[in-house]
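Please keep the sequence and the model side by side while you read these notes.

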Amino acid sequence: MPPGGDQSALAGERRGDRPADAEPEGITVSELAARLGIEPPTATRSLARLEGGGWFRREPVPTDRRQVRIVVTEAGHALVPRIERAWAKLAEEAMGGVSDEQRENTLLALEHANARLRGLVDETALTEE
């Protein structure tokens, strides 16, 4: 599991989208999963593991009783800088000595490969734990 593990969902997404903590009214599990590029059941399992940490709270979606919004708490906001530092450290360890241009090209190539793989195989095979 990467640094921060499931907690990375609170800090930000792999592709640089807005982090979950940038949503003051919260986001649904489906929205979070889409931002992370994972299936909703995987996001649900990760959130279940995090629930006891007090980093977020679940609130009902008034227009859809089947869904809940995930709202980051103060404790969750406080955790974000630690997670971001852990990700930055891991990226530096993995890509140290590589220019910013090479790093960007590598990330673009990996995202392209990921998109192609998702198109070639059943996505559930890519998101199983």
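1. The largest nonpolar core of this predicted model has 14 residues, and those that touch the most other members are V29, L32, I38, A43, L47, F56 and I70. A nonpolar core here is a set of buried Ala, Val, Leu, Ile, Met, Phe, Trp, Tyr and Cys residues joined through side-chain atoms within 4.5 Å, where buried means under 20% relative accessible area, exposed over 50% and partly exposed in between, with a 1.4 Å probe and protein chains only. Two or more residues of this core come from each of α2, α3 and α4 (74-95), and α2 gives the largest share, four residues. In soluble globular proteins, nonpolar side chains tend to be buried together.

2. Residues are numbered from 1 along each chain as its sequence is written, and side-chain values use heavy atoms, with hydrogens and water left out. Because the model is predicted, local features need pLDDT of at least 70 and side-chain atom pairs count only at pLDDT 80 or more, while totals for chains, interfaces and linings use all residues.

3. The chain has six helices and three strands, which are DSSP runs numbered from the N terminus (helices are H or I, at least four residues; strands are E, at least two). From the N terminus on, the order of these elements is α-β-α-α-β-β-α-α-α. Of the 129 residues, 31% count as buried.

4. Which residues of helix α2 (residues 29-36) are buried? They are V29, L32, A33, R35 and L36, and they lie on the same side of α2 because they cover an arc of only 160 degrees around the axis, the arc being that of the directions from the helix axis to the C-beta atoms. After α2 comes G37, with a positive phi near 75 degrees.

5. The axes of α2 and helix α3 (residues 40-50) come within 8 Å and cross at roughly 105 degrees, which means that α2 is roughly perpendicular to α3. Axes are lines fitted to C-alpha atoms, for helices over the stretch in contact, and angles run from 0 to 180 degrees between N-to-C directions; under 35 degrees counts as roughly parallel, over 145 as roughly antiparallel, 65 to 115 as roughly perpendicular and the rest as oblique. On the α2 side V29, S30, L32 and A33 meet P40, A43, T44 and L47 of α3, contact meaning heavy atoms within 4.5 Å.

6. H77, which lies in helix α4, counts as partly exposed at 35% relative accessibility, and its C-alpha atom is separated by 7.6 Å from that of W55, 22 residues away along the chain.
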